[in-house]
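I would like to guide you through some local features of one protein model.

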Amino acid sequence: MRSLEAGTKRTTTKAGKKKASAAALAAAALVAAVLLPEAASAASAASGHRAARAEYTRAELRRDLAAVRKAGGGDVNVLARVDGLPGGRVQARLGTVSAGSHAPVPWASHFRTASTTKAFVATVVLQLAAEKQLSLDDTVEHWLPGVVSGNGNDGSRITVRDLLRQTSGLFDYMDDPDMQRKLREHFDENRYNGTSTHDLVVMAVAHKPLFVPEAGRTRWAYSNTNYLLAGMIAEKASGTGWRELVEHRIIAELGLRQTSVPGLDPFLPTPYVSTYLTGTDGTRLDVTTNSYLHTADSGVVSTTADLNTFFRSLADGRLLPAEQWREMRETVRRTDDPDDVAELPEGTYGLGLREIPLSCGGHYYMHEGDGFGTYTRPAVTSDGRRAVTISVTTTSGMPDLPTLNRATGTLIDHALCAANR
């Protein structure tokens, strides 16, 4: 069977000629304002931050989205939506619905959010904590006796908080050699992979951990295994499956009609954009239909509009009490994962959220999703007033993530730093 040229990194496993007339001079000034939005006032420069931009227009979004497309390799499909602007929203798209088609990317295109799912799962776990059904200080051993043991793994030293903020040190099951072979060499024949959460955890704990948590020292390394266990604990504590928790507590609560948790169903709801990668034989492989992303680290399907609604609802208090929202935003430095830092140099990590600085001051919150040719970048201001989501789908090879993240980060910064009028 055809194979992929590279495995996915973290599935689950984040931009006229001048005429001598007054009209031309005015136009030149407008171009300068659009192309150099980062120009700051002297007062803002003195404070160390760029001035908030007057607004973020559709023309600016299209320009930034073109830069994202270029950063993704040029021939990728891109879609972005910004909500919370004075006029309501602005959106832009570049690309087509499938290879050989002239139909544009649908505005309401569905995509697998991959690791953005972690923000959903962290939210329901924090809701359960608020309801005293579990504690963030509970250990994995308390809820899942004997599941994390052997090979240096010790579930009695890992808390629910460690799982949510990636400070457990557990091996990432996505890095297991057998899993990587399936992805790299045998994707097509394994595209309906239905490996259970339990078996994926067994795969992970067959490896030594990167580290074991210890009192007085916080170490960090990204591992999809953490969220498999978080989902299992949420199920044990509530008596309800993690999918149903997300469906009832978030999707139904917020009326996210275009968001779902399909489990092993390999098909996306319509409309969607077909996704392609390149096999080792050089031919194009359609990877749109697959079941790999079905667990609590990666299983949510959504749209740009619904993700903006979710993240705004999280930040403005509709989903979590103030105490749990505060805990979610208690971040730590990323200490032991140079690959993660290389891909996304700025920011710290909380409970299912990254906190990243804005050029105009303050921070935004997000959780990227990197799937099989699908890259999701949702972000929200700390007060929930404005949100932006970018969706990138590949038409051939995987993009260089540091390059892609620089471009998406620029778009996010421009969109969220535009001042509200």
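This is a predicted model: local features need pLDDT of at least 70, side-chain atom pairs count only at pLDDT 80 or more; totals for chains, interfaces and linings use all residues.

**Rings, helices and backbone**

Let us take one pair as an example. The ring centres of Phe-310 and Phe-311 are 4.9 Å apart and the planes stand at 70 degrees; planes over 60 degrees apart count as edge-to-face, so this pair is edge-to-face. Both Phe-310 and Phe-311 are buried. Together with Phe-120, these two residues form one aromatic cluster. Elsewhere, Arg-284 lies over the face of Tyr-276, at 5.2 Å from the ring centre.

I turn now to two helices. Packed helices are described by the angle and the distance between their axes. For α8, residues 197–205, and α9, residues 225–238, the axes come within 10 Å and cross at roughly 135 degrees. That angle makes α8 oblique to α9. Which residues make the contact? From α8 they are Thr-197, Leu-200, Val-201 and Ala-204, and from α9 they are Thr-225, Leu-228, Leu-229 and Met-232. The crossing is left-handed.

Finally, the backbone. Most residues other than glycine have a negative phi, and most peptide bonds are trans. Thr-270 and Pro-271, however, are joined by a cis peptide bond, with omega about -5 degrees. Pro-271 is found in the loop between α10 and β6.

Ala-114, in the loop between β3 and α4, has a positive phi of about 55 degrees. Lys-132, in the loop between α4 and α5, has a phi near 65 degrees. Are these two residues buried or exposed? Ala-114 is buried, with a relative accessible area of 0%, whereas Lys-132 is exposed, at 72%.

Note on methods:
Residues are numbered from 1 along each chain as its sequence is written. Side-chain values use heavy atoms; hydrogens and water are left out. Rings of Phe, Tyr and Trp (its six-membered ring) pair if their centres lie within 6.5 Å; planes under 30 degrees apart count as stacked, over 60 as edge-to-face and the rest as tilted. Buried means under 20% relative accessible area, exposed over 50%, partly exposed in between (1.4 Å probe, protein chains only). A charge sits over a ring if NZ of Lys or CZ of Arg is within 6 Å of the ring centre and within 35 degrees of the ring normal. Axes are lines fitted to C-alpha atoms, for helices over the stretch in contact, and angles run from 0 to 180 degrees between N-to-C directions. Helices (H or I, at least four residues) and strands (E, at least two) are DSSP runs, numbered from the N terminus. Angles under 35 degrees count as roughly parallel, over 145 as roughly antiparallel, 65 to 115 as roughly perpendicular and the rest as oblique. A crossing is left-handed if the near helix is turned anticlockwise from the far one by less than a right angle, and right-handed if clockwise. Contact means heavy atoms within 4.5 Å.
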